[in-house]
Amino acid sequence: MHEVERPNVRAELLRLKNFQRDTVEHVFEAMYRPTNPVRRFLVADEVGLGKTLVARGIVAKVIDRLWDTVKRIDIVYICSNGSIARQNINRLNVMDAKEASLPSRITLLPKFVHGLERRKLNFVSLTPQTSFNLRSNLGTAEERALLYWLLPDDWKLRDAGARNALQGGVERRERFRARVEDAAHDEVDASLREAFRQQLQSVSDLNSAFAQLCERFAYSRTVIPDDDRTLQRRTIGRLRLELAHSCLRALEQDLIILDEFQRFKHLLDGTDQASDLARRLFAFGDARVLLLSATPYKMYTTSGETKGDEHFRDFLQTVGFLHNDASKTEQFKTYLGEYRAELFRLNASAEDGLRLCKAAVERELKQVMVRTERLAVTPDRNGMLAEVRPAPMTIDRGDLTSYVALARVARALDHHDIIEYWKSAPYLLNFMDDYELKEAFKEAVGIPGRCKELRQNLSGVGEALLSWDDIERYRKLDPRNAPLRHLMADVVDSGTWRLLWMPPALPYYKVGVPFADFDADRFTKRLVFSSWKVVPKVVAALLSYEVERRMFGHDSASDERPNTPEGRARHTALLQFTRSSDRPANLSLLGLLYPSMTLAAAGDPLRFVSHEGAAPPTEAEVLSLVEGQLRRLLDELPKSGERSGQPDETWYWAAPILLDLQLHPQTAKNWLGQDSLAEVWRGDEAREDEEDCTARVTEGDAEGQDAWSDHVDEARRLAVKSLKLGPQPQDLCAVLARLAVGGPAVVALRALSRISGGASALERPYLRNKAGWIAWGFRSLFNLPEVAALIRSMNDQEPYWLRVAEYCVAGGLQAVLDEYVHMLLEWEGVAHRPPREAARAVAKRIAQALQLRAANVGVDAIAVNADEITLTDKRMRARFAARFGARQSDEGAGAVRQDDVRAAFNSPFWPFVLCSTSVGQEGLDFHLYCHAVVHWNLPSNPVDLEQREGRVHRYKGHAVRKNAARLYGSRSGARSARPLCRSS
């Protein structure tokens, strides 16, 4: 059995706020009291008050209670989707052992049961869609490959048919065969295999169904008939269901956590096979069930619900599950009915009866649930929220013309009124996917008579369709929609397109241009929610297009054609490692990427923060102080090389290394002497565990990888003194000062050192390696064509790498990364892990956020010609704004992409706008750099409104940090006192 240490419950509880700690103690006491313990309990704290942290405290206490009496402790975490699971599982894991967390598909447990048995503690995360709703579902290729080896041999007499049937409908034949062969080497638990085969024997018709399936799939086919495909889904779904039954018995769950369970309440009281599986899970042994949800039941009655008790039906179902005792629930219904009756007859003489009924209801509820709200924090009980009403929106002639044209098209297609569509998004026919209107349009285009009518409706009405010719010429597009026009004016016209990251909540000095042009107190990202799935596409594509157009410097009169794959390919990445005459060229880039210990110590802007009451220093003042210190250090270097002639630009990248070799000789030599330094430095290790390493390669990053090794070798020559240098450039100290204050690698090293022991950690090799990862992420960012165009538009007289350093200084990058690193410790769930592990997780996340690829938003370019209407599939890049939840799958590349977008939005870097449908409104955190929610469409249910606001209205959110900086930052001189910012 793997050795793990008993959790330190006291330390875990001390990390909680008082109300969270009180909740933990109350819930635990109710669950484990000696008499009449409660096996099911609901924590319904308001959104943003840390229910996951409360759950972590309960987990710690449960583990501690069972430690001496239970051989193996299993904690099962169930949430609605994989994104929430990946976000929270580390936060719940109170142990340092990462291997205690298992995959989210219960049918994969046969591969991991041996791990369960060997560990004292296991965390298993499950999602309803992948672990309970199994019937008529093919699952993943990994599951089906495992099924092949779990099935009895006599079920696979038609071996080719079995493999073909289990292949599913996505993977190529050869690839699935390889998966099957790889699965043969997996260590599958023998007892679970036997249990599964016995389970199959209890289902009399499944053997014959699988035999029939193998017969139909005896030969590999490209096109599968619908009947065969239906039989395939049904049969494999049944096999997965029986495997799930067997796997449930392998778990020995002690605590089951249902997070945001209102998303899958059917599992609690339904009658289908998924609910049956869930009930078996809940009923195991002496297991406790902890439910988490701020909105555990619907709070209103629809007009069709006229009977007296309908208003409370969903509420009573929740209470019934918690009671797990029909008699208790009936008694509670009586109390609730009496309370309702007293409310209706309320008068002065009936007040005592109402109090008694209220006390009875409260007494019963406190036995099974608890709720804390933040309303009492402020005198007006507004929950610290401020409604920010948008300025009046404008509708222009083109908006109305586009509606008329679209309405005519809808009538020609016998479609209902489209005014709600039109109010929500422009260019609907271009952006719609899977809408009845769009499908009918595509079908009608191929019918001559109907196509003619559509051409008449669309001819001469350019406002209704997106012009692809304008897009290829980077011409300005009219939003053609009042909400989009307002959002664009609010977010883009204010000049945010010139910022590559959010200004820090607490800058260490007065930031420079372009960051100085903004009111950082008010500036925040935007989280947009819409009821229509076309809106995220439109917002992401059109906002990103406008930002990219401006970064390239185009105006409405531009007649160039750069916005094509060919035109974009002509933009050369400027931070590229190349060779010239078989020698490394552009070596000055090393200055941006080298994590210098000396520059990190000398250039820390936090050292120059003014005393209380004084104005914060300016950018120029900080650089001047650092420059003076570096001049003294450079004077101490051994004099060597030529002292006359042309200045040697080698000094720009060599000086930081020489300073390290002078002041930290052994440490510097050891770091430069690492095996595979080129790979370690650029973060190859950080990408090893990615599902698709190619997904991390950004534009302009594919070339020059071999030349990088040559550059690293050139740096190593300094350690053995085989590189002779000429005269120092006159501006060497000024350039080094910029690198010391804002160079990406140096800034990253300082930021990581703050969470790893302080200044003494600057010499740790692993920390310098991780700083290199982050620096390479910044290199990818500054290599983007639009970013290069933006930077060069500010000053194209100096080398680009130096302009990058100046931009980083102007943007207060050190304060930005310090704030981000601090937030990531909790976000990644590594705040209490060893420094090496914490630094790795934080550095990897920062590098991923910096290297987020632009999403490709599908657009139909529609051309209305004299004889036909053509639809051509096109792509628009979305980076400044992004859509969340574009793909519903929880597995594979779609899920990774969704998590990456969410993580990037929770970083100071792009995207600055995230637009989502209801998929993003529950259970996920979006508060790290956003305190503004935009309700594109108001939801019909107030519960949904509360959940939306709760995504950003959270502990240590962006508004909270900025408010703290306003109130207390001035005490250090870093900020002057200013009014509180508002969250909306």
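A crossing of two helices is left-handed if the near helix is turned anticlockwise from the far one by less than a right angle, and right-handed if clockwise. With that in hand, here are some notes.

1. First, the ground rules. This is a predicted model, in which local features need pLDDT of at least 70 and side-chain atom pairs count only at pLDDT 80 or more, while totals for chains, interfaces and linings use all residues. Residues are numbered from 1 along each chain as its sequence is written, and side-chain values use heavy atoms, with hydrogens and water left out.

2. The helix pair α18 and α22. Helices and strands here are DSSP runs (H or I, at least four residues, for helices; E, at least two, for strands), numbered from the N terminus. Helix α18 (residues 397–412) packs on helix α22 (residues 448–458) at an angle of about 165 degrees, and their axes are 9 Å apart. Because of this angle, α18 is roughly antiparallel to α22 (a label for angles over 145 degrees). Axes are lines fitted to C-alpha atoms over the stretch in contact, and angles run from 0 to 180 degrees between N-to-C directions. The crossing of α18 and α22 is right-handed.

3. What meets at that crossing. From α18 come A405, R408, V409 and A412, which meet R450, E453, L454, N457 and L458 of α22; contact means heavy atoms within 4.5 Å. By class, this contact has 5 nonpolar, 1 polar and 3 charged residues. Nonpolar covers Ala, Val, Leu, Ile, Met, Phe, Trp, Tyr, Cys and Pro, charged covers Asp, Glu, Lys and Arg, and the others, Gly among them, are polar.

4. In β8 (residues 525–529), 5 of 5 residues are buried, that is, under 20% relative accessible area with a 1.4 Å probe, protein chains only. K525, L527 and F529 point one way, R526 and V528 the other. Strands pair if DSSP finds at least two bridges between them. β8 pairs in the parallel sense with β15 (residues 930–935) over 5 bridges, and in the parallel sense with β14 (residues 913–916) over 4 bridges. F529 stands opposite H935 in β15, and V528 opposite C915 in β14.

5. Strand β15 turns up again at helix α44 (residues 958–968). Buried there are H958, A959, R961, K962, N963, A965 and R966. Their cover includes α40 (813–827) and β15.

6. Lastly, a residue worth a look: T23 in helix α2 (residues 18–32). T23 is buried, with a relative accessible area of 4%. Leaving aside neighbours within four places in sequence, T23 is in contact with V43, D45, V54, V370 and T372.

Note on methods: Buried < 20%, exposed > 50% of the residue type's maximum accessible area, 1.4 Å probe, protein only. Parallel < 35°, antiparallel > 145°, perpendicular 65-115°, else oblique.
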